[in-house]
Amino acid sequence: GTSHGYSAINWMHAIADDSEARVFSYDIVPYPTAQSLEDADSRFTFHLKSQADFSPEDIDFRSVDVAFFDAGHLLEYSLAAFEKLLPSLSPTALVAIHDT
């Protein structure tokens with residue numbers, strides 16, 4: 001989720017020196033933090049939908065190097081999101097799941 005945006009802000013710091021890197025965030029609530037992050041850096045994109053509704057179009061069909069699930073806090077949501085994301089993961093992708 002995006003909520004206060006702490007995770008997203010940390011990811012934005014992590015990619016600060018990589019002009020090609022992107023951060024995509026999902027939440028079912030339109031938190032003001034998401035708009036602020038999008039306004040501050042075009043490399044951040046917020047999607048107002050569940051992570052379980054991921055689609056490759058959401059990330060411009062890019063390959064995913066790092067995925068951090070920090071939303072639904074229920075195993076079935078993380079599994080559903082992972083199954084949809086799996087074909088988009090790079091061969092060396094790192095996947096981390098919080099609170100599941």
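Q: In which strand is Asp 27 found?
A: This is a predicted model, where local features need pLDDT of at least 70, side-chain atom pairs count only at pLDDT 80 or more, and totals for chains, interfaces and linings use all residues. Residues are numbered from 1 along each chain as its sequence is written, and side-chain values use heavy atoms, without hydrogens or water. Strands (E, at least two residues) and helices (H or I, at least four) are DSSP runs, numbered from the N terminus. Asp 27 belongs to strand S1.

Q: Is Asp 27 buried or exposed?
A: Buried means under 20% relative accessible area, exposed means over 50%, and partly exposed lies in between (1.4 Å probe, protein chains only). The relative accessible area of Asp 27 is 12%, so Asp 27 is buried.

Q: How far apart in space are Asp 27 and Lys 84?
A: In sequence, 57 residues separate the two. In space, C-alpha to C-alpha, Asp 27 and Lys 84 stand apart by 16 Å.

Q: Which pattern does the chain follow along the sequence?
A: The chain has 3 helices and 4 strands. Read along the sequence, their order is α-β-α-β-β-α-β.

Q: What is the radius of gyration of the chain?
A: The globule rule is 2.2 Å times the number of residues to the power 0.38, and the radius of gyration is taken over C-alpha atoms. For 100 residues the rule gives 13 Å, and the chain comes close to that, so it is as compact as a globular protein of that length. Along the principal axes, its C-alpha atoms fill a box of roughly 35 × 30 × 25 Å. The radius of gyration itself is 13 Å.

Q: What share of the contacts with a separation of 6 or more joins residues 24 or more positions apart?
A: Contact means heavy atoms within 4.5 Å. Of the 100 residues in the chain, buried ones make up 32%. Among contacts with a separation of 6 or more, residues 24 or more positions apart account for 60%.

Q: Which parts does the pair of Trp 11 and Phe 68 tie together?
A: Rings of Phe, Tyr and Trp (its six-membered ring) pair if their centres lie within 6.5 Å; planes under 30 degrees apart are stacked, over 60 edge-to-face and the rest tilted. The structure holds 2 such aromatic pairs. Trp 11 and Phe 68 form a tilted one, at 6.2 Å centre to centre and 55 degrees between the planes. The two residues are 57 apart in sequence, so the pair ties together helix H1 (residues 6–14) and strand S3 (residues 64–69).

Q: What is the relative accessible area of Phe 68?
A: Trp 11 is partly exposed, at 32%. Phe 68 is partly exposed too, with a relative accessible area of 34%.

Q: How much space lies in the largest pocket?
A: On a 1 Å grid over the protein atoms alone, a cavity is a set of points where a 1.4 Å probe fits but cannot get out; a pocket is an open set with protein on both sides within 12 Å along at least five of seven lines, and lining residues have an atom within 4 Å of a point. Grid points are joined across faces, edges and corners, and a volume is the space filled by probe spheres set on the points. The space in the largest pocket is about 810 Å³.

Q: Which element gives the largest share of the lining of the largest pocket?
A: The lining has 28 residues; Val 23, Phe 24, Val 66, Ala 67 and Phe 68 lie nearest the centre of the pocket. H1, strand S1 (23–27), S3 and helix H3 (75–85) each give two or more residues. The largest share, 6 residues, comes from S3.

Q: Where is Asp 60 placed?
A: Most residues other than glycine have a negative phi. Asp 60 is not a glycine, yet has a positive phi of about 55 degrees. Asp 60 is exposed, with a relative accessible area of 58%. Its place is in the loop between S2 and S3.

Q: What is the phi of Phe 61?
A: Phe 61 lies in the loop between S2 and S3. Phe 61 is exposed, with a relative accessible area of 58%. Although Phe 61 is not a glycine, its phi is positive, about 60 degrees.

Q: Is Gln 51 buried or exposed?
A: Gln 51 is found in the loop between strand S2 (44–48) and S3. Its relative accessibility is 11%, so Gln 51 counts as buried.
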